[in-house]
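Subject: Structure for your files

Hello,

Please find the structure below, with the sequence. My notes on what was found follow it.

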Amino acid sequence: MRKEMHMTFSADSVNEGLARVAVAAFVAELNPTMEEIEDIRTSVSEAVTNAIIHGYEERDGLVELHCVLLDRILHIEVKDMGKGIFDIEQAKKPFYTTKPQEERSGMGFAFMEAFMDVVKVESELQFGTRVILEKEIGTVKDE
């Protein structure tokens, strides 16, 4: 089974909620647990918020959300055409933020890595960033 969903929306913070709800609805047919839904919603929220806040910095732009279900694997890509990330490894460190004046926690990538099975970040300065997230739905993780 392979299903796909693609959305493009304005880089406006009100669309972060739209993205979370859309991905949760897209994966619903797999009957995920509430924990899996919350993990996915939080990760999508963080990726989309990063694209809006850091990628465009109050400039107009678009965010692309592409989801693929392949059997029980959910593959999500969040892409912006914003300014890009100067140092991806630095940006992924917990509590690192480029906007401390806005009370950002700097935990976005840490949350994504905690909640998803795969997190990849690709970025090119002045051309944008792509965050790739994957999660297998319906598997029991060893604690």
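Helices (H or I, at least four residues) and strands (E, at least two) are taken here as DSSP runs and numbered from the N terminus. By that rule the protein chain has four helices and five strands, arranged along the sequence as β-α-α-β-β-α-α-β-β.

This is a predicted model, in which local features need pLDDT of at least 70 and side-chain atom pairs count only at pLDDT 80 or more, while totals for chains, interfaces and linings use all residues. Residues are numbered from 1 along each chain as its sequence is written, and side-chain values use heavy atoms, with hydrogens and water left out.

Strands. Two strands are said to pair if DSSP finds at least two bridges between them. Strand β1 (residues 2-10) and strand β2 (residues 62-70) run antiparallel and are joined by nine bridges; Arg-2 has Leu-70 in β2 as its bridge partner. β2 is also joined to strand β3 (residues 73-80), again antiparallel, by eight bridges, with Val-63 opposite Asp-80 in β3. Two residues lie between the strands in the hairpin of β2 and β3, where Asp-71 takes a positive phi near 55°.

Further along, β4 (residues 118-124) and β5 (residues 128-136) pair in the antiparallel sense over seven bridges. Val-118 stands opposite Glu-134 in β5. The hairpin of β4 and β5 has three residues between the strands, and Gln-126 takes a positive phi near 70° there.

Helix α2 has 23 residues and reaches 32 Å from its first C-alpha to its last, close to the 33 Å expected at 1.5 Å a residue; the expected span is 1.5 Å times one less than the number of residues. Just after α2, Glu-57 takes a positive phi of about 45°.

Ser-45 is found in α2, which covers residues 34-56. Is Ser-45 buried or exposed? Buried means under 20% relative accessible area, exposed over 50% and partly exposed in between (1.4 Å probe, protein chains only). Ser-45 counts as buried because its relative accessible area is 15%. Contact means heavy atoms within 4.5 Å. Leaving aside neighbours within four places in sequence, Ser-45 is in contact with Glu-16 and Arg-20.

Whole chain. Buried residues make up 44% of the 143 residues in the protein chain. Among contacts with a separation of 6 or more, 66% are between residues 24 or more positions apart.

Regards
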